[in-house]
Amino acid sequence: MNKRKKVLASLLCAVVTVGLLAGCSSKGNGDGGDKVTLRMIESLTSPKRTELIQAMITKFETANPNIKVEFISPPFDQADNKIRTMLGSDEQLDVLEVRDLNVAELVNNGYVEPLNAYADKWKDYASVSAVSKSVGTVSDKLYFVPNGLYERQMFYRSDWLKEAGLNPPTTWEELYETAKKLTDPAKNRFGFSFRGGAGSTGTTDAMILAYNGDKVNLEDSMFTKDGATVFSTPEAKAAMELYLKLYKDTSPPDSINWGFQEQVQAFTSGVTGILLQDPDVIQSLQEKMTEGTWATAPLVTGPTGKALFAAGGAGWGIASKSKHKEEAWKLIEFLSSPAENTAFSKDYGLIPIHTSATEDEFFKTGPYKTLIDMSNKPDTFVNFKPPFQYPGTGNWGQVAMESGQSLLLGKSTLEDTLGKWDDFWVIQKAELQK
Amino acid sequence: MKKQRLFILSGLIPALLLVLAFTYYPFLKGIIMAFQEYKLFDLRGVHFVGLDNFKAAFDDPKFLSALENSGYWVFFSLILQFLFGFSLALVLKKQFRGRGVYQGFVFYSWALSGFLIGMIWKWMFNSQIGVINDLLLQAGIIHERIGFLSDPKWAMISVIIANVWYGIAFFAIMLLAALQSVPSELYEAAVMDGANGFRRLWNVTLPYILPTIIATTLLRAIWIFNDPTIIYGLTNGGPAGSTHILSSLMLDRIIYAGDYGAASAIGIIMIVILLFYTIFFLSVTKAEKAGEF
């Protein structure tokens, strides 16, 4: 090797090494002068949603020329991990999207700031619905302001029901009977869009809670008012017996593995007749199905005439290590204002967080109307707080799904399965009280 | 001389730093976590728990079935990928019109990500709206729809089929390269000696490319063992955990349970299995001088 080459090689090595080391060092704040740069990250990323949020941010930046917002949109599957990693490694993060699913985890690790002090000074806070406040609250403190709510309702093929001379079902028992009449495997037609894969607890929990009815402790919804788990009651057993029948008699066998995509796809492609879903599917139903072939109805109730439902959602919170909390709140206040939030909810298919928004004609007609109707009958449609404060809550879906599948396959008995679920929550309670 | 050494060392530094930071540090950290209670939900409560994570793994029927499934997964995927890949390489060795284009098409699967392949096959296997059921029904081969991913009898077979489809291209590429390096004089001599097609394959081609075969199959076995992406995309281990292999179960522990301790313990068990495998691998390759390429 001649000398010149050697020098070049050494230089190259030096450059690479320095580059590597520089990559390790933490990033500076980047806020030169008076201009504040906020870093904001979303979790429930989807192309359309990102575009809508970006548009709101641009509006905010125009109104506040001294604040710049750097918006990070990781792919949905990795978003929560990315957020955790950024928080864990003390990277600058000011506004983050917190989900009902993981808020307890973030609070527990001290990553997010309570927002009560800011919210109390906010003029529009009064019109934020009680449900929205409750979604963002962990043990009396508000940790995020939801950017919209998800709430389950029933979607059904009105043409199929009409053809068979049936009315939309109002109870779980009726839902089963109706679905059974619609089922004709020879025509590849099934009554119910079953979901036995990821997210199966959406059905099992809903049925068990509806059957337990008044017994359920609404603040601690996996337990009855007597302190036993909701899975230990005879009502739970009755609910699960119907659940098994729903799968065997009214659903395609394949649906044992179905998650969100398959469940919705089966409904839009004309394989299944009844779908229980959140309003974010409305747009894809409108796009893929002929108008007049489908309609919405309220959730079905249990034997005592009650349906328990929970509103889910994600929203904006402030990282506890943020150096620009005032500016971060300003951004959250802007995004959560009645005007911005209502427009966002309309465009993306969510329930707006302000009670004033339900006055809007848009929510009074069409597929959203059912949801408003439901909220007008609080005695029938009872709101409960999901058990997100427990450490195992993230794992519950997976545990219940796998044991539920094994029940559907006939590999384990109903008693064993309910016993397992009962154990799971007894242990959760013990761990929380530790 | 000393200067020379110093120069070499400084040249190695960037690569060394990279390997240390991105291979050995996570590796060590993983070993430590395997002996800790390390849950995302409570990062302030991390503490050592001895062998608890390992005990929990071996007490878990899901882990044991994943261990068994890993065996099937590697064995059948490997054999079938090899057989189809080798046949494909033999066909592609011959000159024919449009060979380049054809080659591009069949090698394409290798360029896709495992997760994407999982997603594609998931829709194809769907029993209600999937194309596979549809074709089989129309051809009159079956009369009832098969729940490829929902019937535990079929689920493991289905994920292996998808994996075979994915891996054929790898063997075809590697073996085709080896086949093209066999000197044509050997075949000419074999023809002179009166060897037929099968004898030429058995006595000339195979011995010549044996080192490549051994090296690729042994390496590929490790990749298949470690790769959870297809299963993650296709069934996510379902139904009822019946298609989990060790690596997908490890992912499951991280993604759903946020339990890094339990996941790391599974990781360590995988490392031990691979360690034994590597010893076997090295002794075989040494015997056959397979490390030449």
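Guide: Strand 6 of chain A pairs with strand 12 (residues 312-318) of chain A in the antiparallel sense, over 4 bridges. Strands here are DSSP runs of E of at least two residues, helices are runs of H or I of at least four, both numbered from the N terminus, and two strands pair if DSSP finds at least two bridges between them. The model is predicted, so local features need pLDDT of at least 70 and side-chain atom pairs count only at pLDDT 80 or more, while totals for chains, interfaces and linings use all residues. Residues are numbered from 1 along each chain as its sequence is written, and chains are lettered from A and ligands numbered from 1 in the order in which they are written.

Within the pair, Tyr150(A) stands opposite Gly312(A) of strand 12.

Follow the chain past strand 12 and you reach Ser320(A), in the loop between strand 12 and helix 13 (325-335) of chain A. Ser320(A) counts as partly exposed because it has 15 C-beta neighbours inside 10 Å. Leaving aside neighbours within four places in sequence, Ser320(A) is in contact with Gly110(A), Tyr111(A), Val112(A) and Glu113(A), where contact means C-beta atoms, placed from the backbone, within 7 Å. Pro279(A), 41 residues from Ser320(A) along the chain, has its C-alpha atom 32 Å from that of Ser320(A).

Now step back to the domains. Chain A is assigned domain 1 (36-150 + 312-353) and domain 2 (153-310 + 386-433), with bounds from an automatic or database domain assignment. Their centres, taken over C-alpha atoms, are 30 Å apart. Each domain gives 11 residues to the contact between them. On the domain 1 side, these are 7 nonpolar, 3 polar and 1 charged; Ala, Val, Leu, Ile, Met, Phe, Trp, Tyr, Cys and Pro count as nonpolar, Asp, Glu, Lys and Arg as charged, and the others, Gly among them, as polar.

Finally, chain A also meets chain B, through 33 residues of chain A and 29 of chain B. Helix 1 of chain A gives the most to the chain A side, with 7 residues. By class, that side has 12 nonpolar, 14 polar and 7 charged residues.

Notes: Two residues are in contact if their C-beta atoms, placed from the backbone, lie within 7 Å. A residue is buried if 20 or more other C-beta atoms lie within 10 Å of its own, exposed if 12 or fewer, and partly exposed in between; C-beta atoms are placed from the backbone.
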